Amino acid sequence: MQRSTFSLSLPKMDRWACVMFAIVACVSVVIIMMPLFMLWLSLREAHPIEPDSAYSFLHFAEVFGDPFILKVLTNTLQFSLIALAVGLFFGVPTAWLVERTDLPGKPAVLTIMTIGLLMPGFAAAMGWLFMLHPRIGIVNRWAMDLFALSEAPFNIASIMGMGWVMGLSLAPLAFIMTAAVLRALDPALEESAQMSGAGFFNVMRKVTLPLAWPGILAAGIYIFTIGFAAFDVPAIIGWSNKIYTFSTYLLLQLSAAEGLPRYGAVSALSMVVIFISGMLIWWYSRLQAHAHRYQVVTGKGYRPRTVALGRKVWLAWGFLGAYFTLSKLLPLLVIIWASLLPYFRYPSAAAFKTISLRQFQNIQWDMTIDGIINTGILMVLTPTLTLAIAVCFSWVVLRSKIPGRVGFDFVAFLPHAIPNIVFGLAAMLFMLFVLQRFVPIHGTIWILLLVFVVARLSYATRMTNATFMQIHKELEEAATMSGVGTGVIIWKVILPLLGPTLIYAWLWMALLTYRELTLAVVLSTRDNLTLPIVVWNAWFSGGFGSAAALTLILMSMMVPLVALYWWLVRRTGLRQA
Amino acid sequence: MIEVEHLSLTYHSAKQTHLAVDDVSFTVKQGQFYTLLGPSGCGKTTTLRCVAGLERPDLGEIRIDGAPVSSSNKDVWIPPNRRSIGMVFQSYAIWPHMTVFENVAFPLRYGVKKVSGRDVRDRVQKALDLVQLGHLADRAAPHLSGGQQQRLALARAFVMEPKVLLLDEPLSNLDAKLREEMRIELRHLVKSMGVTTIFVTHEQIEALTLSDVIAVMKNGKIVQEGNPLDIYQRPANAFVADFIGKSNLVPGTVTTNPSANGIVRVDCAWGSLACSAPSGSTSGAIMVAIRPEHLELTPSGSADENVLVGTLEAAAFVGNMTDCIVKVGQTSFKVQLHPDRTPVVGSQVSLYIAARHCLAMRADA
Ligand SMILES: Nc1ncnc2c1ncn2[C@@H]1O[C@H](COP(=O)(O)OP(=O)(O)OP(=O)(O)O)[C@@H](O)[C@H]1O
Ligand SMILES: [Mg+2]
């Protein structure tokens, strides 16, 4: 058949379609430029400010030849494995209890998990440091007094300890992902095994676990990837004790006191980390596709068989209670305690006499207020802008006829494969050496906004894509046939239908933005302080008490947002993040 | 008036290409009700979407009232929202976040030809009254029944007073009884508006009862075009004969030249038949199509009547008739008989059929 060039020419687009395409194209360029620039730095032998240089794998050799860096990488792997184990230990049984047993008060589990959002990772880390620090840790001192030990029995400032704290904060994610896997399993498969006479443990061992395994493994890899990229827990606990994971090590290299920062080596290490993390994400999506094979495909509602807990209800709630106490309650109490004392000491009659609100009065309020204002601006703008861009991406990828549109979806997903600290770093280097010449936004909150938006774009586009796919295409085509252009379709048809998803995703991203430390830490200066950075600075200048007081302020300001989120999720049910 | 000339469209997916519309040409006259009929996947929807402008054809030209809206060699392309075409979708595409009124008002408020506030109210009310939904104007759209949604979709398509109306299987989402009612109503509505209409369906009954002209499609091509009676009585080939109404298809060879009244003799596996050849010159290997309802138990006495002798293998009572299977030689025939006159299963029967009901035609489409 003969083909004309007619069908190969770009589809003619109206004004709004062009605007959306332009936005998507510009954002894509920014996303691609950041890691590319980093790659360029890692291959360039000389320091970036020098005009010309040779290119080689010198910096990579440096990375792999440095025993300390290799130690840092093995540390990171150990840390994330422990975190994964702890997360699964608490998350998987909870998912099973909620999905497959007659546990009373299931909505309370959801509430607990939501309240848990109030406690950012760095706050939990502070709490655990106060409890298990080898010298000042409350629990250690008690145990030493009680059993007359000469040495502290626990040391939180270790890979083990950091993994434990990280795992506690990953447990809700493990819960949500495993619950989704269990929900998707056809209970008829278990029931028929039961009918063939298999007992509870045999059904578990022979049917439930093997069927759920691909899904749980996928969840495991996902959680591992997050642990691998974690910054705040290793930073709070490990930094001052000179135990580094790659994310804290990168920051250390940048803030090195002597000489110029080793940009080349830092970039090379970042590329290695991006590679590892990219492989993990790739493995995850492969498994995810595989896991869907076992999913219930019928649209019919079904009522899964529930295991009667009987007397063991107390055991179940004891388990959940223990988790809540360990992960949230104890760290919170200790932080409150620390904020009331002039200097940290373990509870005693003498200590109680020194209780006061002086820490709150002595906070550097000028900085704190700047931080609150900046955080507020970012918290509103980041989700709004991210979702606006995500809608453009989804429209271009799923609805336009632009050739190569699927590529944009890949680009939007790219930031997901880059650990946040590396992302912040890439943004900073790109800013410093390239962008600053055109748009001088270094040290302003606009650079933070840019980085926050790009980093959240993967999540936002996943959400808008999923909802877009549920909107019947004919709803938009009917509008076209009514004589309207793309703009009216977006405003009057698509956005109202996306509404619930947008509200949910907006709130979730607002929460994440509010407590975001990692991305901000590389890019912060005195002029673009955010609230978490104010806490961070207080902590590192040794003001444990004032850091604790600031954390409490930060957490209390999150309450309305979390309450709103809880109210929304209770109405619509949990969704996989 | 709609004119479609040499329309072709190929879908390109990741691994393969698929020629969905293959050199299709047809003309729909002013006010005509034109139906595209064919099995699933034959390219009806794609053809309709090309006319709407929702797909862009690779080749060919489409003109509405003489003006080209899409043309591959003149490089003309009018986007769908400027073609002033009313369309009813298979899913109805009722916007769930709007009321009935807002759904119908949408084209007037935001469309190319904007209408002022007061006129919007009047015209929407008029359109809703036309489809008897006037009393439901303020209801939320998802709270309508299937039939009401379908009428709402029609009202929304009508309200712009389009030159052309496109309907993509608008009845397929309704249950059997409602479908029958809406069929009559649909034709009445469309005809009273006098709008030129293209209707897509894979249900032969809908096509036969609604249309002025039917085009039967297969594999992206139009294989026969004509009025309903023509299509039913004089199918051009075995595919049409079998697709429109059921037919018994028997292979055979023409042995004589046509007689004065157009009758030929055809040799089949079990004997010879006198057949008519409605689609013109026929020779050599052909197919004979015989409709189940044309086989009778009693002779009519006409000169060139055929007699088939066989055994009644099975009979199923379906209400107003019995569906039977009669084995003649090695060939099974579907036969429809009156329930009172159906012999017992296993008995020998003689079936009579006039030569003008034995249709000889080309075997290929
Ligand atoms: N977007 C698409 N990409 C690739 N192939 C397509 C696409 N849309 C349709 N097709 C293919 O083109 C052919 C014609 O499709 P079309 O929708 O026109 O069929 P149809 O006659 O309307 O069938 P139905 O009665 O099932 O609606 C089908 O084989 C279909 O699989
Ligand atoms: Mg169709």
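Predicted model: local features only at pLDDT ≥ 70, side-chain atom pairs only at ≥ 80, totals over all residues.
## Where chain B meets chain A

The contact draws on 37 residues of chain B and 27 residues of chain A. About 2700 Å² is buried between the two chains. Carbon and sulfur atoms give 62% of that area.

One salt bridge is counted between chain B and chain A. A:Glu477 and B:Arg49 form a salt bridge through their side chains, at 2.7 Å from N to O. On chain B, five elements each supply at least two residues of the side that touches chain A: strand S1 (2-12), helix H1 (44-52), strand S6 (76-77), strand S7 (85-88) and helix H2 (100-110). The largest share, three residues, comes from H2(B). By class, this side of chain B has 22 nonpolar, nine polar and six charged residues.

## Two domains in chain A

Chain A is divided into domain 1 (15-56 + 357-577) and domain 2 (71-299 + 313-353). Their C-alpha centres lie 24 Å apart. In the contact, 54 residues of domain 1 face 53 residues of domain 2. The area buried between these domains is about 4500 Å², and carbon and sulfur atoms give 81% of it.

Charged and polar pairings are counted here too. The number of salt bridges between domain 1 and domain 2 of chain A is zero. One residue pair is in polar contact across this interface, both residues at pLDDT 80 or more. Several helices of chain A each supply at least two residues of the domain 1 side, among them H1 (15-43), H18 (420-433), H21 (486-514) and H24 (544-572). H24(A) gives the largest share, 16 residues. The domain 1 side that touches domain 2 has 43 nonpolar, eight polar and three charged residues.

## A buried alanine in chain A

A:Ala124 is found in helix H5 (residues 121-132) of chain A. Its relative accessibility is 7%, so A:Ala124 counts as buried. Leaving aside neighbours within four places in sequence, A:Ala124 is in contact with A:Met119, A:Val165, A:Ser327 and A:Pro331. A:Leu340 is 216 residues from A:Ala124 along the chain, and their C-alpha atoms are separated by 17 Å.

## Salt bridges within chain B

Over all chains, the count comes to 16 salt bridges. One of them joins the side chains of B:Arg63 and B:Glu3, at 3.4 Å from N to O. B:Arg63 lies in strand S4 (residues 59-64) and B:Glu3 in strand S1 of chain B, so the pair ties together parts 60 residues apart in sequence. Both B:Arg63 and B:Glu3 are buried. A network of salt bridges links B:Glu3, B:Glu5, B:Glu61, B:Arg63 and B:Lys74.

Helix H5 (residues 176-193) of chain B holds B:Glu185, and helix H4 (residues 146-158) holds B:Arg151. These two residues form a salt bridge, with the closest N and O atoms 3.8 Å apart. B:Glu185 is partly exposed at 23% relative accessible area, whereas B:Arg151 is buried at 15%. The side chains of B:Asp212 and B:Arg187 also meet in a salt bridge, at 3.4 Å from N to O. B:Asp212 lies in the loop between helix H6 (204-210) and strand S10 (213-218), and B:Arg187 in helix H5 of chain B, so this pair ties together parts 25 residues apart in sequence. B:Asp212 is partly exposed at 23% relative accessible area. B:Arg187 counts as partly exposed at 26% relative accessibility.

Technical notes
Residues numbered from 1 in each chain as written. Chains lettered and ligands numbered in written order. Heavy atoms only, no water. Contact = heavy atoms within 4.5 Å. Buried area = accessible area lost by both parts, 1.4 Å probe. Salt bridge = Lys/Arg side-chain N within 4 Å of Asp/Glu carboxyl O. Helix = DSSP H or I, 4+ residues; strand = E, 2+ residues; numbered from the N terminus. Nonpolar A, V, L, I, M, F, W, Y, C, P; charged D, E, K, R; others polar. Domains from an automatic or database assignment. Polar contact = N/O pair within 3.5 Å; in protein donor to acceptor, adjacent residues only side chain to side chain. Buried < 20%, exposed > 50% of the residue type's maximum accessible area, 1.4 Å probe, protein only.
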